[in-house]
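Colleague: I'm new to reading protein models. Could you take me through this one with a few questions?

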Amino acid sequence: MAKLRATNIEPQSGTNLTLGTSGDAVTIASTETKTNTVKDAGGNTLWTSDGSGTLSSINSALVGGGLTLITTQTVTSAASQVNYSTGIDSTYDEYVFISNIYYSSGPAWTDVNFYTDAGTTAANKTTTAFHTYQSETIDDKILSYASAEDEANSTNGQKIDNYVGSLANSCSCGIMHLFQPSSSTSYKQIISRQALKRHDVYAAGFMVAGYLLTASPIVYVRYEPNTGTITGTFKMYGVS
Amino acid sequence: MAIVYTDTIEPRKPTQEITLGTTGETITLPGNDLRVNTVKDKGGNTLWTSDGSGTLSSVNAGLKGNLVLLSTQTASGDTSIEFTSGIDSTYDVYIFKFINISPTTDNVNFTFQTNAVGQTGFNETMTTTYFSASHDESGAGQNVTYKTGHDQAQGTAYQIIAFSLGSDADQCCGGELHLFAPSSTTYVKNFNHRINTGHAAEYCEDTYVAGYFNITAAIDEISFKMASGNIDGTIKMYGLL
């Protein structure tokens, strides 16, 4: 075995240093290897680190084709709106929004709505809404259509919950799916389900689904309480 | 500091290995990038392989995340979308995502069935539930109700998972179906499903279907089709670790 001992190996000329040729194996027997960018032999980036452990330009096969976290908004100061104004495009066929919402100020309770815009124009929507609830204290439970909570071809905000209170432990948590928002042909399908503790100490489930009656791409999603302000954690994922 | 200047380092003999450093050392590559098509760990296990054009294969499962895209099928006027490989014991849960599914014929049902290992035909016995919420674009027809005609009791027909789809250019449906532990040879195979539909009569319908295939044989194939006519749209199959 021939050994070469050196601290640095640098190109003799130019900027390329080649180890081995096709068919050879190069073993890095050290405990660790440090590099910021790895490309394949064709020069296609597989991943890049900023040197602080934050990766970017990750090849899609290395992130699984599953859920990709696009945006996290941790709202600690009472806000009247939470907006997703970038990142909704043709990159993904499906976007998933996970919301952990606390109603922080205003009247005793409110409903949280979501709005979607195609460009700067609010998208019309037709939806269904039904809910289940059960009281913590009395025999009062139901599964019923929530006829006042749906929308028929309107640009109103769509409720994703109702009667969320500002009690310390009242909250609304759930998931909304938005399918192929970038389509310029089809309506955009949405399905949402929230679990909540209401202001009147009821446990409730709130199920909404529908479609956005626009052939224009949806580029904007907004969560907003009817009244008052909210805090919480809001995450948007792309599903590839 | 010893510096070696060269453009290429090759093994002393062809196909021999080149080894950089030893245990306990750190190799730093301060160049702009490291280019390689196959990366293995020190035990020789492949972490990934690139074809040189950025398309990876043999990606180690630990790099893929927990929701793994297994297959994407896009239909354009096809009779059905079938997944006939990739359903096995690798994953406990398989998720099928429906992206802009629409029929080529107006007012038809979107349906699914499965086939067990070693069997022929999509005709497994299932018992199911079906309920939905509906609302007309004009504001009428609000209801949530069990649909007694849409379920099955030990039936072998294709199960309705979206009712009476419209075929207008902008009408479609979107949702997902979860199939649990299809490779079990002990238990029935449970599934649940939710989809929103653009109905042929201009209303939306939020549909929930659940049930089980009442068989102990493993399921390894699944079929989606319209009750009549052909299908457009994309279905993606994921495995959930």
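This is a predicted model: local features need pLDDT of at least 70, side-chain atom pairs count only at pLDDT 80 or more; totals for chains, interfaces and linings use all residues.

Colleague: Is Ser134(B) buried or exposed?

Modeller: Ser134(B) sits in strand β13 of chain B. Its relative accessible area is 5%, and a residue counts as buried under 20%. So Ser134(B) is buried.

Colleague: Which residues of chain A does Ser134(B) touch?

Modeller: Leave out residues up to four places away in sequence, and look at what remains. From chain B, the contacts of Ser134(B) include Gly141(B), Gln142(B), Lys147(B) and Cys204(B). From chain A, they are Thr128(A) and Tyr145(A).

Colleague: Where in chain B is Gly62(B), and is it buried or exposed?

Modeller: Gly62(B) belongs to the loop between β8 (56-57) and β9 (67-78) of chain B. Its relative accessible area is 66%, and the cut-off for exposed is over 50%. Gly62(B) is therefore exposed.

Colleague: What separation do the C-alpha atoms of Gly62(B) and Glu10(B) have?

Modeller: Along the chain, Gly62(B) and Glu10(B) are 52 residues apart.

Colleague: What is the phi of Val201(A)?

Modeller: Here is some background: most residues other than glycine have a negative phi. Val201(A) is in the loop between β19 and β20 (202-212) of chain A, and counts as partly exposed at 27% relative accessibility. Although Val201(A) is not a glycine, its phi is positive, at about 55 degrees.

Colleague: And what is the phi of Glu202(B)?

Modeller: Look in the loop between β17 and β18 of chain B, where Glu202(B) is found. Glu202(B) is partly exposed, with a relative accessible area of 31%. Its phi is positive in a residue other than glycine, near 65 degrees.

Colleague: How much space lies in the second largest pocket, and which residues are the closest to its centre?

Modeller: The second largest pocket holds about 320 Å³ of space. There are 15 residues in its lining. Closest to the centre are Arg193(A), Glu176(B), Asn192(B), Arg194(B) and Tyr208(B).

Colleague: Which strands each supply at least two residues of that lining?

Modeller: Both chains take part in the lining of the second largest pocket. Chain A brings β18 (172-179) and β19 (188-197). Chain B brings β13 (126-136), β16 (173-180), β17 (189-198) and β18 (203-213).

Colleague: How many charged residues does the lining have?

Modeller: Sort the lining of the second largest pocket by class. Six residues are nonpolar and six are polar. The charged residues number three.

Colleague: Why is chain B said to be more spread out than a compact globule?

Modeller: Chain B has zero helices and 20 strands. For its 241 residues the globule rule gives 18 Å, and the chain is well over that, so it is more spread out than a compact globule. Its C-alpha trace spans about 80 × 45 × 30 Å along the principal axes. The value behind the answer is a radius of gyration of 25 Å.

Colleague: What is the radius of gyration of chain A?

Modeller: Chain A has zero helices and 22 strands. Its C-alpha atoms fill a box of roughly 85 × 40 × 30 Å along the principal axes. A compact globule of 240 residues would be near 18 Å, but the radius of gyration of chain A is 25 Å.

How values were computed:
Residues are numbered from 1 along each chain as its sequence is written. Chains are lettered from A and ligands numbered from 1 in the order in which they are written. Side-chain values use heavy atoms; hydrogens and water are left out. On a 1 Å grid over the protein atoms alone, a cavity is a set of points where a 1.4 Å probe fits but cannot get out, and a pocket is an open set with protein on both sides within 12 Å along at least five of seven lines; lining residues have an atom within 4 Å of a point. Grid points are joined across faces, edges and corners, and a volume is the space filled by probe spheres set on the points. Helices (H or I, at least four residues) and strands (E, at least two) are DSSP runs, numbered from the N terminus. Ala, Val, Leu, Ile, Met, Phe, Trp, Tyr, Cys and Pro count as nonpolar, Asp, Glu, Lys and Arg as charged, and the others, Gly among them, as polar. The radius of gyration is taken over C-alpha atoms; the globule rule is 2.2 Å times the number of residues to the power 0.38. Buried means under 20% relative accessible area, exposed over 50%, partly exposed in between (1.4 Å probe, protein chains only). Contact means heavy atoms within 4.5 Å.
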